[in-house]
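Try each task before you read its solution.

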Amino acid sequence: MRDKISSSPVLSVVSKVLFAPIIIFGLYVQFHGDYGPGGGFQAGVIVAAAFILYSMIFGLAKGETLVPVMVNRYLMCVGVLLYAGVGILSIFLDGMYLDYNVLSTNPSSGQHIGIILVELGVGITVATVMIALYHSFASFKVSHE
Amino acid sequence: MFDLFLDDAPALVVVLPLIASAIIAFMPSKIWPWIISMIVLVFHLALSLHLIEEVSISKIIIYEFGNWEPPWGISFKIDGVNSGLQILFSSFVLISTFYSRKIFLNEIEAEDTGKAYSLWLLAIGSLNGIILTNDIFNLFVFLEISALASISLISLGAGLNRKALLAAFNYLIIGAIGATFYVIGAGFAYAMTGTLNMNDLIIQLSQYSDGQLAIFAGMSFMLIGLMVKAAIFPLHIWLPAAYSYAPSAVSTLLAALATKTILYFFARLLFEVFIIYENYLIIFLDFILFPLSVIAIFIGTLIAVYQDDIKKLLAFSSIAQIGYITLAFSLRDHSGITSGFVHIFNHALIKGGLFMSVGYFAILYKDRVTLSSIKGFGYKYPITSFALLICGLSLIGLPLTNGFISKLYLFQALYINQMYIPIASVALSSALAVVYFWKIVEQMWFSDIKPKPEKEDPSIYFPIWIITISIILFGIYSSPIIEFSTLSADYLTQGLQK
């Protein structure tokens, strides 16, 4: 599956070194989102960038063994359901839809819990959708060659 | 326990289909996606009925998402304007989902039905959001979700005809341009007023009553964006291909509801928000929307007369029918807005019924339904053909059908405003509608072949007949539609001077 570019040892070593830090940075952006700039959208794209880099360097087949297509598809829905689930949970706790105040006894900590869960849902969905987009476009090209 | 949900009905009618859409994506593609869709839409109808009951008591419901007060948070608003549309929407999606099962099984591959229902519910949830939202940016989000879901649904028609892909792509590009225009306009409005909430926008805009160029530019961008989405002539070019190459169940949903919800919002934006600039509104309605509607009525019908492909014929007739609605709105008085809403209701039923019947013919004939292919269908499939006949007569505007009520109110509104040329144009277009519908009837009943009747599938003709009976029912007893439309017009004419 390796093409010409990925056979370069520089690229494969650099991408191996970068893989974990990119994800760590993604997680930082994700969970720092309620204090500073960041949040689910940006973090999701950063985390997806790590996986897309892996697929680009080591080939689509290895990328799809790392993130199987079905798992990816389920995670897309899980992210959305996590977001919507927080909304439904707040209805069960006698609040409005997505009313974070009722998630905890203290409204302020309720807001924290709510925003972290919702942003996590956004992050999961954005990351998996980005990976799915890359994989589907990449596999389209492979099947034609 | 159930009360807990009833309080949140405005959010749930949008959220439930969206959640179910994500759950269905997990499902193996058998019968489950359809069963879950049906269950969700039954709840949807129950919640809508509850909303109507609430609105009839309290007149207006504002639902604040996340308990953030408007204008800071996003809010949904249900009042006299959209309560009737909500009930139409909710009942029609239930019937068309019931109808869709066998059609999807025949028209798209079995492994795709799960995806199809996931997208189907996504489209339903987002179109419902367009009806309820009270926030101009939130509307853009729903416009985009509904467009993307319907584009994917249209492209599922590629299994039958590869042209579906081209139709979906055209809709994607043109729809995206429309949505971009809308969001640029909303951006202008936000830059000038600092608000996205429609009620607050009315207050903030009235500060600039002398008129600011940026606001006029913003309003124009928003209106043109919505005109693209609502397929108002001459911005309709995406519509005929999109409706005719989509799977039949999808054509039904889109033709009946997609443009109608956007026309509703168009009216709401014009008569509730932009009414502050009456001069601008008069110029827009009298010199842009009015002539375009008259041309649309004429051109749409004329092109339909020359169509051979029946789904395309119906799509072009939709452009003329959208012209009737916008013509009614362009009269900018109580009678005009009433007749516009009456036709939104009636046309949704008529076009829904027509596309449903033709969709059934398409799976029976296993190819595109053209005039030559339906020879003798009146004898071969009498039950469905008869439903098609009634829907078609209603489209022409025959008495005892709801199409007659539409035409009556439109003529009345035009007469009050002394618009004699449009009356002639509407009458001429009705006459031409007889021509193209007669071509269908001629092939179905008066061709040289008279085949024996064949068995028809009750699970398909049952929903078709529900729509057909409602067409006759609302033609005889039209007061529910008239009441809802008058109520809408009452709310929307509060700001009008005349």
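**Exercise 1.** What distance does helix H5 of chain B reach from its first C-alpha to its last?

*Solution.* A word on the source: this is a predicted model, where local features need pLDDT of at least 70, side-chain atom pairs count only at pLDDT 80 or more, and totals for chains, interfaces and linings use all residues. Residues are numbered from 1 along each chain as its sequence is written, while chains are lettered from A and ligands numbered from 1 in the order in which they are written.

- Find residues 113-132 of chain B, the 20 residues of H5. Helices here are DSSP runs (H or I, at least four residues), numbered from the N terminus.

**Exercise 2.** How many residues of H5(B) are buried?

*Solution.* 
- Apply the cut-off: a buried residue has 20 or more other C-beta atoms, placed from the backbone, within 10 Å of its own.
- Count along the helix: 18 of the 20 residues of H5(B) are buried, leaving the helix mostly covered.

**Exercise 3.** Which helix of chain B gives the most to the side that touches chain A?

*Solution.* 
- Start with the contacts (C-beta atoms, placed from the backbone, within 7 Å): 14 residues of chain B meet 16 of chain A.
- List the helices: H1 (2-7) and H2 (9-24) of chain B each supply at least two residues to this side.
- Pick the top contributor: H2(B), with five residues.

Technical notes
Expected span 1.5 Å × (residues − 1). Buried ≥ 20, exposed ≤ 12 C-beta atoms within 10 Å, placed from the backbone. Contact = placed C-beta atoms within 7 Å.
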